[in-house]
Amino acid sequence: MGVIFSRYRLRIPLQVLLNVTLVLLLVFTVGVTNSLFLYRSHEAISLVAHQLITKARDRVDLYLNNYLSLAEQINRSNVNAVQLERLDPQNLDEIERQLIWEIFSFHQIPSILYGNEQGDVRIASNIQGQKTLGVINHIEGQTLNQYTIDSHGQPSLEPRQTEKLPSDWDVRERPWYLAAKQQQAPTWTPTFQRWDSQELAINASWPLRDPITQTLTGVFGINLPLSQVNQFLQKIKLGESGVIFIIEPDGKLIASSTGESPISKSYQGVIHRKWARESSHPLVRATSEYVLSSLLNGSQIDPLYSWHFIEQGQHYFAHSLPYKNGENGLNWRIITVIPEADLMGPLYKSFKQSMGLGVLAIMGAVALGTWLTQRIVRPIVILSQTAATLAHGDLEQNLDENLPIQELAGMARS
């Protein structure tokens, strides 16, 4: 059996054996090295994505806090002025001067309002640089008079525009007034569409109570357009194509870095709020559907919730963070999404370069190994052939003792 096995035993030339062994070792080393590089790169990319998303989220959170706190500070200042008797809410001329001074001082605020339980309203506005004072007196019926405010803060003597309001219009039934009346505390209204433009807005309302009876006497309000939030989100760079957007708990879109309007118009011309799942951007649609389905299914989403998902064959990192503004404040959710390809692109390029260098190294090693093995094998072949000649009785055969390999030279001498 051993004779048969030895007869058919595979015999490999030494040069081939050495070359193949060397190449296999190089291929294994290059493959393992690049695989570890790719694996570590994925871990590093996850960390970088988390850092980018956290940085963008913190920027949005800080901006919202600053933007919203300004409205609360103005309302608080007005209420404090009344409590310290520096402002008389019964004197509407004083109220007008206060609101006009504030609309000149805070250019980012479009409208500052005051309404009282008698139905009187004062609205100082700054729309596209045009400052006006809106006046509604309950004794004059449902009429809104708009006065132009000059550069010195003086309203015109005659109204530049007079508008007849619906007969059932009452400031005490307006959402911003009712919210403060019902909460009996500073609060924010739900998001609504501004009547004078196709944009979303919210109102910060602060009730004013009689110091003795503690009954409601009036409400200060600040109108904040959410278009400014939209503009801020568009300035945030999140990779090459990452997006960040804000939604309400029911899924309605508040603002988005994609620049799309949170308001849409139907074919019939009806204007309505846009759901995030109706967004024209695929990432906004896919991410919002995941978040909303988790909420509707009763899943508990952590305050700092991160996940990965695949959309159209692409991998994405996503992050969801609730945004709340006080006990009676806003309840939004900030969602950030960044494609893995935006971060892996440079690493994939480095990986391809590394693989190319590895292939070149293997080719160089094959060439060098071939040359070395030839230098090693040739003396062995000569020694083998000479030994075979001697074995056949040719004792006159001479061996070269100056072989380059010490062991072979020793065999030749022996």
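This is a predicted model: local features need pLDDT of at least 70, side-chain atom pairs count only at pLDDT 80 or more; totals for chains, interfaces and linings use all residues.
The account begins with an open sheet. Five strands make up this sheet, in the order E11-E10-E16-E15-E14, and their pairing is antiparallel. Strand E11 (253–256) and strand E14 (305–311) stand at the edges; each has a single partner strand, so one side of each is left without a neighbour in the sheet. On average, and with direction ignored, neighbouring strands of this sheet are turned by 25° against each other. Within the sheet, strand E10 (residues 243–247) and strand E16 (residues 331–339) pair in the antiparallel sense over five bridges. In general, strands of a sheet pair through backbone hydrogen bonds, in either a parallel or an antiparallel manner.

The nonpolar cores come next. The largest nonpolar core has 51 residues, of which Val 60, Leu 64, Leu 224, Val 229, Leu 233, Ile 246 and Trp 332 touch the most other members. Helix H2 (residues 14–83) contributes the largest share of this core, 15 residues. The contacts of Leu 233 can be followed individually: with residues up to four places away in sequence not counted, Leu 233 touches Val 60, Ile 244, Phe 245, Ile 246, Ala 255, Ser 256 and Ser 257. A second, separate core of 16 residues includes Phe 245, Ala 276, Ala 318 and Ile 335.

With ring centres required to lie within 6.5 Å, the count comes to five aromatic pairs. Tyr 114 and Phe 220 form a tilted pair, at 4.9 Å centre to centre and with 45° between the planes. Tyr 114 lies in strand E1 (residues 111–116) and Phe 220 in strand E9 (residues 216–225), so this pair ties together parts that are 106 residues apart in sequence. Both Tyr 114 and Phe 220 are buried. The rings of Trp 176 and Tyr 177 have their centres 5.9 Å apart and their planes at 80°; the pair is therefore edge-to-face. Trp 176 is buried, with a relative accessible area of 8%, and Tyr 177 is also buried, with a value of 0%.

Lys 131 lies over the face of Phe 104, at 5.0 Å from the ring centre. The charged end of Arg 277 sits over the ring of Trp 275, 4.8 Å from its centre.

Two loop residues complete the account. Ser 257 lies in the loop between E11 and strand E12 (263–265). Its relative accessible area is 17%; because buried means under 20%, Ser 257 counts as buried. Apart from residues up to four places away in sequence, Ser 257 touches Leu 233, Gln 234, Gly 242, Val 243 and Ile 244. Gly 141 lies in the loop between strand E3 (130–136) and strand E4 (143–148). Gly 141 is partly exposed, with a relative accessible area of 25%. The C-alpha atoms of Gly 141 and Trp 169 are separated by 9.9 Å, and these residues are 28 residues apart along the chain.

Notes
Residues are numbered from 1 along each chain as its sequence is written. Side-chain values use heavy atoms; hydrogens and water are left out. Rings of Phe, Tyr and Trp (its six-membered ring) pair if their centres lie within 6.5 Å; planes under 30 degrees apart count as stacked, over 60 as edge-to-face and the rest as tilted. Helices (H or I, at least four residues) and strands (E, at least two) are DSSP runs, numbered from the N terminus. Buried means under 20% relative accessible area, exposed over 50%, partly exposed in between (1.4 Å probe, protein chains only). A charge sits over a ring if NZ of Lys or CZ of Arg is within 6 Å of the ring centre and within 35 degrees of the ring normal. Two strands pair if DSSP finds at least two bridges between them. Axes are lines fitted to C-alpha atoms, for helices over the stretch in contact, and angles run from 0 to 180 degrees between N-to-C directions. A nonpolar core is a set of buried Ala, Val, Leu, Ile, Met, Phe, Trp, Tyr and Cys residues joined through side-chain atoms within 4.5 Å. Contact means heavy atoms within 4.5 Å.
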